[in-house]
Amino acid sequence: MGEREFWEIIDLADWSREGDDEAVTEGMVRHLASLSDEEIFAFDDALAEHLYALDRRDIAEAVFGGEEYFSPDEFVDWRCVCVVNGEGLYRDVLAARRFPSPDLYFESILYVPMRAWARKHGTDAESYPHQSEPDYFTYGNAEGWSPAAGVAGSVADDGGDSCN
């Protein structure tokens, strides 16, 4: 899946439904359910690639102050915030220009492809047949966690304007 199509799907997030993460992502699910299985799987892989790119020591240290101050699961969910809030925030985080608050999480986006596939096939999400690649879980990006990976900077206060 190309970058433009990926971000167009992400932009279907309905922030007027903030507080109900499944409702926020419903437009993504609905759109993906109308596509082929291969396109759903391609979105899943693109999501994994974007989360993988954010799986870096310098980002973790800038946001959480170091590995001893965060949980690997929370770091995945925090990186989901960086993606679900759109390309602008995602690119800013990659470039260490600004970071969402470390107490924001958006795990629901991980289940969007599964929910879409299940809806398309009239089955449950647990039957989802695809395993996304690459490994986006914390420490999956070995290069991003190498000792040579530097510190990006400190957490920037974005005034809450960019993170829903």
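Tutor: Start with the whole chain. This is a predicted model, and its secondary structure comes to eight helices and zero strands. Along the sequence the pattern reads α-α-α-α-α-α-α-α. Of the 164 residues in the chain, 47% are buried. Take the contacts with a separation of 6 or more: 75% of them join residues 24 or more positions apart.

Now the part itself: helix α3, residues 26-33. Six of its eight residues are buried, so the rest of the structure largely encloses α3. The cut-off behind that word is under 20% relative accessible area. The buried residues are Glu-26, Gly-27, Met-28, Val-29, Leu-32 and Ala-33. What covers them? The cover includes α1 (3-10), α2 (21-24), α4 (37-54), α6 (72-84) and α8 (112-121).

Take α8 from that list. Its own buried residues are Val-112, Pro-113, Arg-115, Ala-116, Trp-117 and Ala-118. They pack against α2, α3 and α4.

Next, the geometry of the pair. Two packed helices are described by the angle between their axes and the distance between the axes. For α3 and α8, the axes come within 8 Å and cross at roughly 50°.

Follow the chain past the end of α8. Just after this helix, Gly-122 takes a positive phi of about 65°. Thr-138 also lies in the segment after α8. With 11% relative accessibility, Thr-138 counts as buried. Its side chain makes a polar contact with the side chain of Arg-79, at 3.1 Å. Beyond its neighbours within four places in sequence, Thr-138 is in contact with Asp-55, Phe-70, Pro-72, Phe-75, Val-76, Arg-79 and Trp-145.

That returns us to the cover of α3. Helix α6 (72-84) is part of that cover, and Arg-79 is a contact of Thr-138.

Conventions:
Residues are numbered from 1 along each chain as its sequence is written. This is a predicted model: local features need pLDDT of at least 70, side-chain atom pairs count only at pLDDT 80 or more; totals for chains, interfaces and linings use all residues. Side-chain values use heavy atoms; hydrogens and water are left out. Buried means under 20% relative accessible area, exposed over 50%, partly exposed in between (1.4 Å probe, protein chains only). Helices (H or I, at least four residues) and strands (E, at least two) are DSSP runs, numbered from the N terminus. Contact means heavy atoms within 4.5 Å. A polar contact is a pair of N or O atoms within 3.5 Å; within protein, one must be able to donate a hydrogen and the other to accept it, and residues adjacent in sequence count only if both atoms are side-chain atoms. Axes are lines fitted to C-alpha atoms, for helices over the stretch in contact, and angles run from 0 to 180 degrees between N-to-C directions.
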